[in-house]
Amino acid sequence: MNHPDKKRLRRTMMFLNAQKPSLIKDPYIYKPDSIMLDLEDAVAETQKDAARFSLYHALKEINYRGVERVVRINGLDTPYWKEDIRCCVAGGCDAIRIPKTESAKDVKLVEDAVEFAEREFGRQKGSTLIMAAIESARGVMKALEICEASERLFGIALSGGDYTKDLQTHITGTGIELMGARQNLVIAARAAGVQCFDTVYTNLDDMEGFRQDVQTIHLMGFDGKSIINPRQIDIVHDIYTPSAREIIFAEKVVREIDDKKAKGIGVFTVDGKMIDIAFYDGAKRTIALAKASGVYKGDL
């Protein structure tokens, strides 16, 4: 399935309680790349039907101005997830997030329910994407098979709170307790050709700590970060947007490689750095990210 949005820009994915109209009526004004309309942890057991009602009408009636609309359904071990999927698909969401994913079987179970709902509500087959949240040690160990479980799956995400409980530790703010899971998920995602997203940073009083956390996961190779507050958006977007210097260097690399390749030259220098064909894809990615971020005005 070659869905046009599988590789879209997803630097920020902002969580919102699907039951609260004040939160979901206009989050697009903050310009996150995606919003995560939450039917799971944010909604009390007695309010699941009310949350679905709110979600359905939001999806049908609100123009989110191009912001991707992902819905986190309830866990597959609950009685709610099947009706959640019907509501999401009927409303026309862009993607569904599976919580507590531990196997390819979990993904396929949701995929089958989504396909059935697309037929039921007359949506185009394959129009609803899937992402999987990894929240346990078993999920981390099964990350590659989860990534390869469905053509609908555009990415995986770490959920640090539940993962650290399963690991018998806790969130420290240093990132030490998340290092193994983070690296494993990025490696699995890259091996499968899908995206990878980091967990939320919950201390809104420590914006410098948040910036350092985002810089770390950016260097590790994550595509973006789950967030809980609009104040976090600009920091993530700033770190994930290539600088003018990076863009200029990427342009030089692409042009030089195109030129030298035609002349049969394999190794050369750009701004004093030795460059070969292995740098080409990275330079192209920098330019693509700059274009998606709206900062590239060139012609490559």
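**Cysteines and a helix pair**

Hi everyone, let's start with cysteine 196, which is buried at a relative accessible area of 0% (buried is under 20%, exposed over 50%, partly exposed in between, with a 1.4 Å probe and protein chains only). A quick note on the source: this is a predicted model, where local features need pLDDT of at least 70, side-chain atom pairs count only at pLDDT 80 or more, and totals for chains, interfaces and linings use all residues. Residues are numbered from 1 along each chain as its sequence is written, and side-chain values use heavy atoms, leaving out hydrogens and water.

So, how many disulfides does a search of the whole structure find? The search finds 0, taking a disulfide as a pair of cysteine sulfur atoms within 2.5 Å. Cysteine 93 is in no disulfide, and its nearest cysteine sulfur, from cysteine 88, is 4.6 Å away. Cysteine 93 is buried too, at 0% relative accessibility. For cysteine 196, also in no disulfide, the nearest cysteine sulfur belongs to cysteine 147, 7.2 Å away.

Now to the helices, which are DSSP runs of H or I with at least four residues, numbered from the N terminus. Helix 2 (residues 48–61) packs with helix 3 (residues 81–91) at about 20°, their axes 8 Å apart; axes are lines fitted to C-alpha atoms over the stretch in contact, and angles run from 0 to 180 degrees between N-to-C directions. That makes the two helices roughly parallel (under 35 degrees). Contact, meaning heavy atoms within 4.5 Å, involves residues including Leu55 and Tyr56 of helix 2 and Cys87 and Cys88 of helix 3.

Methods
Angles under 35 degrees count as roughly parallel, over 145 as roughly antiparallel, 65 to 115 as roughly perpendicular and the rest as oblique.
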